Structures are given as C-alpha cells and as structure tokens.
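Trainee: I'm new to this one and would like to go through it with you. Could we take the labels one at a time and ask what is behind each?

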Amino acid sequence: MAWIDRGALGVVQGGTPWRAATVVSGVMATLSNLISNVPAVILWRNTVPGLPNPSLVWRVLAMSSTFAGNLLLIGSMANLIVAEKAETRGVRIGFGEYARVGVPVTLLTLAWGIAMVVLSAG
C-alpha cells in the first residue's frame, strides 16, 4: 500500500488534472481487468483522501473502473455470461474477437470520460 500511496502522490502532486486523470484512469483500467474493479477501488480507498484534489480522483476512479469492464472479455462477469449464452446458440465470442471491439471502445470511452470529469471539475 505504501508503494501505491507514493506512486499516486507522485502522479497527482505537481501535475495537471489532465495528467492525473489520465494516469489514474490507465492504472484503474489495468487493475480492473487484472483483479476486478471492486478490489481495484478498495486498493485506493485509503490513498485517495490524502491526495491533492481527491474529489477529481474519486470521480476518475468511478468512471474508469466502470468503463474498464468493456476492455477485455474477462473484464466483467456480464461479458462472460453473454459470451457463454451466445455459445449455447452457436455464436462463439473469443478473447481476440472481443478485444478487437472492446479495446477501441474502452479507450474512446475512457478518453471521453476523462475529458468530461476534468472539464466538469472546473
């Protein structure tokens, strides 16, 4: 946790809101797909209050952890359920097929989300 705290502080301190939002969003998208979004957010629960502009970071965390589920087939339980249901009907949605759509959609929605969060923060 100390490593996360130091890293987060290093990113947010002295940087612009755009930089902080972009880096936090990227870290959350990665963590959300590696360990799932709820544990990823829990990792940040004690770190965010000590950061400059915690309100911005909380909003970015909420947005990123939500949109991150679209990145990969394993990014959300709902993705897996839909892929399993589709397969029972003869439609196979593999990791690669999903990623060809999921990666660009997620990158675009994260970019849009970052813009909206930073611009609405003031």
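Predicted model: local features only at pLDDT ≥ 70, side-chain atom pairs only at ≥ 80, totals over all residues.

Trainee: What makes asparagine 53 partly exposed?

Mentor: Buried means under 20% relative accessible area and exposed means over 50%, with partly exposed in between. Asparagine 53 has a relative accessible area of 40%, so it counts as partly exposed. Its phi is about 60°, a positive value although the residue is not a glycine.

Trainee: How do you know whether serine 36 is buried, exposed or partly exposed?

Mentor: The relative accessibility of serine 36 is 34%, which lies between the 20% and 50% limits, so serine 36 is partly exposed.

Trainee: And what about serine 65, why is that one called buried?

Mentor: Its relative accessibility is 8%, and buried means under 20%, so serine 65 counts as buried. Serine 65 is placed in helix α4. From there to asparagine 79 is 15 Å in space, C-alpha to C-alpha, and 14 residues in sequence. For the protein chain as a whole, buried residues make up 36% of the 122 residues.

Trainee: What does the pattern along the protein chain look like?

Mentor: Reading along the sequence gives α-α-α-α-α-α. That goes with 6 helices and 0 strands. The C-alpha atoms fill a box of roughly 55 × 30 × 20 Å along the principal axes.

Trainee: How are two packed helices described?

Mentor: By the angle between their axes and the distance between the axes. Take helix α3 (residues 37-44) and helix α4 (residues 54-67): they pack at about 165°, with their axes 10 Å apart.

Trainee: What makes α3 roughly antiparallel to α4?

Mentor: Angles over 145 degrees count as roughly antiparallel. The angle here is about 165°, so α3 is roughly antiparallel to α4. α3 passes α4 in a right-handed crossing.

Trainee: How do α2 and α3 cross?

Mentor: The axes of helix α2 (residues 17-35) and α3 come within 7 Å and cross at roughly 130°. That value falls between the 115 and 145 degree limits, so α2 is oblique to α3. Their crossing is right-handed.

Trainee: And at what angle do the axes of α2 and α6 cross?

Mentor: At roughly 140°, with the axes coming within 10 Å. Roughly antiparallel needs over 145 degrees and roughly perpendicular stops at 115, so α2 is oblique to α6. The crossing of α2 and α6 is right-handed.

Trainee: Which residues form the nonpolar patch on the surface?

Mentor: Ile74, Met77, Leu80, Ile81 and Phe95, with about 500 Å² of accessible area together. Helix α5 (residues 77-88) gives the largest share, 3 residues. Phenylalanine 95 lies in helix α6 (residues 95-121).

Notes
Residues numbered from 1 in each chain as written. Heavy atoms only, no water. Patch = residues over 30% accessible without salt bridge, like charges linked within 9 Å, V, L, I, M, F, W, Y side chains within 5 Å. Areas by Shrake-Rupley, 256 points an atom, 1.4 Å probe, with all protein chains shown as cover. Salt bridge = Lys/Arg side-chain N within 4 Å of Asp/Glu carboxyl O. Helix = DSSP H or I, 4+ residues; strand = E, 2+ residues; numbered from the N terminus. Axes fitted to C-alpha atoms, helices over the stretch in contact; angles between N-to-C directions. Parallel < 35°, antiparallel > 145°, perpendicular 65-115°, else oblique. Left-handed = near helix turned anticlockwise from the far one by under 90°. Buried < 20%, exposed > 50% of the residue type's maximum accessible area, 1.4 Å probe, protein only.
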